[in-house]
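Trainee: I am new to this structure. Please show me how to read it.

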Amino acid sequence: MEESISGFKIHGAWDDVVEHGERITQALRQEDIEDAAASIPEAFTEWDEWRPKAHERLSTDVNEKTADQASVAEGEGEKAGQAASDDVKKAGEKLSESYKKMENGDDEGAVENWQDSIGYVTRAADSVGRKALRTVENTVYRNVMTQLSPYYFDNELVSANIQQQGRGDDDERFVFEVNINDDELKAAVSERLGEYEDTIDRWHVTTEKDTDIAEAAEGVEAPEPPSDDTQSTTN
């Protein structure tokens with residue numbers, strides 16, 4: 001592993017990439033990042049979901065996760081679970097109420113309902129626009145951008161990028177760089193990564209296994225997987 005101001009970088013095969021992501025994730029977890037204040041736990045979860053896994057492939061799984069992570073965020077209407085058509089319907093209802101209040105001499109109430117109507121129309125347009133842009137973004141990213149630049153991840157906690165470097169003697173080779181955006185936390189993670197290097201003989205990469213076929217063939221129930229996300233063997 002190489003460490004610099006831009007982060008923690010590793011060159012290697014896919015298992016090396018996966019192990020690098022697992023070690024950084026474990027180091028963050030040991031810093032009680034999941035119990036931190038504000039939005040940090042959510043940022044940690046986003047990173048943990050995006051980081052490459054042993055059963056995944058760069059051009060499919062990581063591609064899809066990167067496109068999703070890079071896309072335009074949800075607007076207020078989408079967050080509220082409201083379809084654009086529902087907001088348009090609400091806008092019409094508010095506009096109708098506004099006219100009725102005007103007829104009854106309630107100018108203040110008419111203006112209030114008219115403003116509500118505009119709000120619903122604006123939110124509907126925002127939802128439609130975001131969905132359209134997200135579709136274009138995903139298409140462009142998956143089919144064009146990944147041919148020109150690394151796969152990347154970025155939030156307030158972690159910035160990372162991974163790219164295929166070519167084929168080595170026996171397998172594909174990759175470059176994976178991860179940076180911790182808070183300097184104090186980055187120093188703590190660096191220290192823990194150093195401890196892993198000194199004390200861990202072998203790092204067992206976590207792998208998803210399909211046990212259904214084995215169970216059917218052998219007539220036995222597969223054991224429950226360990227709850228820990230990573231396992232290691234120490235001196």
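Mentor: Start with helix H7, whose buried residues are Leu-185, Lys-186, Ala-188, Val-189, Ser-190, Leu-193 and Tyr-196. Buried means under 20% relative accessible area, exposed over 50%, partly exposed in between (1.4 Å probe, protein chains only). This is a predicted model: local features need pLDDT of at least 70, side-chain atom pairs pLDDT 80 or more, while totals for chains, interfaces and linings use all residues. Residues are numbered from 1 along each chain as its sequence is written, and side-chain values use heavy atoms, without hydrogens and water.

Trainee: Which residue caps the N-terminal end of H7?

Mentor: Look for a polar contact: N or O atoms within 3.5 Å, one able to donate a hydrogen and the other to accept it; residues adjacent in sequence count only if both atoms are side-chain atoms. Here Asp-182 is the cap, with a side-chain oxygen 3.2 Å from the backbone nitrogen of Glu-184.

Trainee: Is Asn-155 buried or exposed?

Mentor: Asn-155 counts as buried because its relative accessibility is 13%. Asn-155 sits in the loop between strand E3 (151–154) and strand E4 (158–167). Strands (E, at least two residues) and helices (H or I, at least four) are DSSP runs, numbered from the N terminus.

Trainee: What does the side chain of Asn-155 reach at 2.9 Å?

Mentor: The backbone nitrogen of Val-158. A polar contact of 3.1 Å also links the side chains of Asn-155 and Glu-46.
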